[in-house]
Amino acid sequence: MLLRQYKGFLIAMLANGFLSLALTELNHHLAGWSITLLIPAIFVLYAGLNLHYLQGLTVCLLTGLFHDAALPVPEGFFTLTLPTLHLIFHHFRSKLHKKGGLGTILLAQTLNLGTLILLHISLSSGLTESIVRHLPLILLQLFLSQLLLFLIGLYFLDIQRKAVTLTRARFVEAKGRST
Amino acid sequence: MSGQQKKRASNWRIITLVCICGIFFTLLLASLAFRQFVERHEYRDKENRQTKRRILQPAPRGEIHEREGRLLVGNQSRHSAVIYLDQVRKEFRSQYLKDVRDTRALREQIQNKMTYTEVEKVLGTFIKRKEEDQSVTFTFEKFLNVTFEKGVVSRTSVKSSDLQWEARLKVIRRYLHQINQITGRKNVVSRKKFERHFNNKLLLPFALVPKLTAKEYARLLDQLPLDSPIQIFTDSTRYYPYHSAASHSLGYVVVEEVEDDGGELNGQNLKTFRLQGKKGKTGLELSFNDRLDGTPGREIWRVDPMGFQFELVDKHLPKFGQSIQTSLDIDLQVQAEKLIEGKKAAIVALDVQTGEVLVLASKPDYNLNDLSPFISTAVYKKIENQGGWLNRATQGLYPPGSTFKILTTIAGIRRQVIYDGAVYQCEGFEKIGERKYPCHNPRGHFDIKIQRALALSCNTYFYHFGVKTGIDHIAKEARRFGLHEPTGVQLPYETKRMLIPDKQWKRKRIGEGWASGHTANVAIGQGDVLVTPLQMACFTASVARRQTRTRPTIIRIPDEQRNNIKHGGDAIGLSDPQFQQILTGMEQAVQFGTAQLCKIPGIRIAAKTGTAQVKDSDRKSPTFGEKLTLAWFIGFAPVDNPSIAITICVEGTDPNDNYQGGTTAAPIARNLFWTYFAKKSQKRLTKRD
Amino acid sequence: MPIPIKKALRKSFYEFQAPSWEALSWARDLQNFWGHRSESHAELIQEGRDLARLNGAYRLQVMENESLRLELKRLEALLDLPAQPNFRYEIARITHRQISTWWHEMIVRKGREDGILEGAGVVYSGGIVGKVQTVHAGTSVIRLVTSPSFRMVATFQGDTQPLYIQGWQSASMGTPLGRIRNVPVSVHLSKENPGLLVSSSLGGVFPSGLHLGTVDQLAQSSNGLFKEGPVVFPSDLYRLNEVAILVPIQMNN
């Protein structure tokens, strides 16, 4: 009963965890070119569009905490930004298709870009020289991050939705047997 | 009064009131406008003075190089571990609040009417005790004062300023402990030192460990986090790779607060914090202080009410001082100093054509590295006792002895008293008036002409012809060669007390008339004649060039200017055969005369030695009042195209010292000539390769 | 939020996900293992031959090092010098690298349980990698030599004057850079005559002589006292899979 109630939450957490790992592995290989890709908006897509508000918020909060622990970002950056992104997605969820769609992509892209720009601004205080020297590499990282979000965003959302559907069938099946 | 009248009267009152108010408001506005627009600058200045502070940082001094570009004086970094107090402000505050809480907790445990024993149980033993008329106040830990009257507690108090200082010190000591742990030191910081810095130099870094060794510096760099309030502060000290070489010429610096360079630096009206800089004290460091000194760096900070840095308003980096290239040849200089090590002596070597000083050595001297970054009293006294502070080449005054005979000869020839055919019969003495003046060879030199007289340094010859020439002419000739005045070399404190005596001087100074005997003494460079070794070197170079003046310079002359040097004197005023007589005499002195110990096969050297006697005038010396000898040498080479002129003066330090120009100074000159020409031919060979 | 709570939160979330990174790293190793399994016998024989040659060369070097070590020990005893600090090399696989404009870190599969200490030096066959920044139970975070918050003492090869290196954010893709500071003004370097930087044992973190990088241009520093210039570190620094952590051996051990 409890599992049924929280299956969306659990699936979102698991999916976020796996995606984090995959991103870690991708960044590990890209490190040779001094590139790190970040797509925070993807972690709130499912939670923002499909989950109950509180469950979604919890998913985003926990994912943010995991991200903050794993990355050398300013203290609490993702813990604050992911719930905020969730809030925005949740606010627009009635106008967006739950399976995705152009509107979702556009919003995710905008929010992702906004979050990354905010992150770069907050990190730039540690620079000992003008940021202009680093702009090309930063812009490249931004572009690649956005591209990655564009390429996998909807698939990731779809996988989570499908996983929920599959588990629902199982729950129904299990329930049927017991009665 | 009717209602209308009343109303009218009231209107008037209102109008009057409005007018008065209007006038006041206008005045108020006018005064506001006056302050805002007219007195704006004054208020801006006041605001600046109250809220801005200026920090002046010293610029690294320029370097000093020798003629071939080798470094003689450079800068060496000195590292210290410092703490920037504005970075630990929060820690000061939190430590203070914690201490206040602790003290308050302790204070609450002390109640009135408690006895000392009860108080001691809570607070431990007291730190300070102060007795007044009817009460005793004990100061315990955490600066808690407990006053006892009639044996019981009457009052408790806390001196918050003490608590605040202690809190600050705790933070500073914590960081110092961190440094001590990394470096293995046991440094401590006193409250007095910290208070003085905090009150007077709040904006400057507080030095926790002033001089770090290379290992400590490395350890701190490796082990301290980059964002730690402890920073490694680097400034420079003077560094002398050749230690004591040319110490008198190079000079040293003293630590002094950075000065404004007048006008260029903004914010001169602001309260200024100055870091320690350097200023030339002697030698080239002093003469060229303005050039070597760079432009100080400047930071203007806006400060908060406590005086801590708040915002950097303006910053100008310090500019490196200009470097200078001296004319000194360090190989020759080091060799010269080695040759007179342990003696009281001076050596000057000049480039004959340019007047460039190749060597300017004076012993005893001092190791310049011992004077950097500051001179300790022990070092100062040691140098003073040795007589090392005196630059004997430019400040030492000596009778030139027989080397002066060259000048007497020139004067005699020009007066036509001495000429090629003039033969003198030296019998070992010359009778002038009633007194016999001896020659250094008691058996005499028999028939002697000017060449041999110079070569063998026959005193009687010069007594005779000196007297014939007359003091007026000898003195005039000496003045023509500039022996009566400083040479003007770019070194500070060159003596001005050199002396060429004449009749007027004698009458004015001693109040006596001039006698022929005095002329005889002057003719052989004795009597009251006093010159410096540098003057004699200039005289030698002038003679070598057949001129009367040599303007010495210790700064290297650029190649393009070397052929166009004007020394400012006249031609020597001798015909070729007349000059040849002197030249032959000086060359023969080397071949078989008094200077033969400086003979080098293959190199034609013209020289004259001298041995003078002088009374020790140093009151501190154990030989005060006794007669000491001076060994002189002047010479130049090669004879046909002179390039180097050398002057050596060695002081005897004991009456038993049998110093003579020929045996003491000439061998030194030989070694120097040899070094000079060996280096020159080596260079030529390298060039050819 | 109070700092201790923030720290505890971050640490616990870190430790929670650290095993997954380790698992990822193991999986990568396994993948490599199976990748090598598929190689042909001919390839393996060739690799084995190359390795044997390399081993031979290393064996010689080990012998040479041993004799030098003994000589050093003899001289130290003769001059009554304190012994050089000794280190134990703890080999650690890298779980993942985090390198971008902003951060220069690697996470390794060795932590507190393996005796790793914060601030310990990290090296690899090509020279210095960085220092251990944070130690967790089974993992450690290494701050790379290219990180702007990294600083260490170095010397030019054959010289003893201590200089210091600070990391420098690279503006180009994959070029590890740093800056050398406090270089005496008398040092002149050019592309034809570059300077090789090595570690110095003075700082107490690294043994001396480990390769750091090269410098081929120097300019006057802002205070005019020194020169400074960019250091180029070996290009494989950002592609490492394994490093060695220097764990100091206590003198009484």
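Biologist: How much area is buried between chain B and chain C, and what share of it do carbon and sulfur atoms give?

Modeller: Keep in mind that this is a predicted model. The size of an interface is often given as the accessible area lost when the parts come together. Here chain B and chain C bury about 1800 Å², with 60% coming from carbon and sulfur atoms. On the chain B side, B:Leu221, B:Asp222 and B:Leu226 lose the most area to chain C, together 37% of what that side buries.

Biologist: How many residues of each chain are in contact there?

Modeller: You'll find 23 residues of chain B in contact with 21 residues of chain C.

Biologist: And which salt bridge links chain B to chain C?

Modeller: The count for that pair of chains is one salt bridge. C:Lys131 meets B:Asp222 through their side chains, at 3.9 Å from N to O. That falls inside the cut-off, because a salt bridge needs a side-chain nitrogen of Lys or Arg within 4 Å of a carboxyl oxygen of Asp or Glu. Six residue pairs are in polar contact across the same interface, both residues at pLDDT 80 or more.

Biologist: Which elements of chain B supply at least two residues of the side that touches chain C?

Modeller: Look at β3 (71-83), α7 (214-223) and β9 (230-239) of chain B. The largest share, nine residues, comes from α7(B). By class, the side of chain B that touches chain C has twelve nonpolar, six polar and five charged residues.

Biologist: Over to chain A and chain C. How much do they bury between them?

Modeller: About 3400 Å², 61% of it on carbon and sulfur atoms. In chain A, the residues that lose the most area to chain C are A:His28, A:Phe66 and A:Glu75, together 18% of what that side buries. The contact draws 37 residues from chain A and 34 residues from chain C.

Biologist: Staying in chain A, why is helix α2 largely enclosed by the rest of the structure?

Modeller: Burial can be read residue by residue. For α2 (residues 42-50) of chain A, nine of the nine residues are buried, so the helix is largely enclosed by the rest of the structure. Among them are A:Phe43, A:Tyr46 and A:Asn50.

Biologist: Back to chain B. Which domains does the assignment give?

Modeller: Domain 1 (54-79 + 238-325), domain 2 (110-161) and domain 3 (330-366 + 383-688). The centres of domain 1 and domain 3 of chain B, taken over C-alpha atoms, are 41 Å apart. Their contact takes 22 residues from domain 1 and 27 residues from domain 3.

Biologist: What area is buried between domain 1 and domain 3 of chain B?

Modeller: About 2000 Å², with carbon and sulfur atoms giving 57%. In domain 1, B:Arg67, B:His248 and B:Gln325 lose the most area to domain 3, together 33% of what that side buries. Four salt bridges are counted between the two domains, including B:Glu68 with B:Lys683 at 3.2 Å, N to O.

Definitions and conventions. Residues numbered from 1 in each chain as written. Chains lettered and ligands numbered in written order. Predicted model: local features only at pLDDT ≥ 70, side-chain atom pairs only at ≥ 80, totals over all residues. Heavy atoms only, no water. Contact = heavy atoms within 4.5 Å. Buried area = accessible area lost by both parts, 1.4 Å probe. Domains from an automatic or database assignment. Buried < 20%, exposed > 50% of the residue type's maximum accessible area, 1.4 Å probe, protein only. Helix = DSSP H or I, 4+ residues; strand = E, 2+ residues; numbered from the N terminus. Polar contact = N/O pair within 3.5 Å; in protein donor to acceptor, adjacent residues only side chain to side chain. Nonpolar A, V, L, I, M, F, W, Y, C, P; charged D, E, K, R; others polar.
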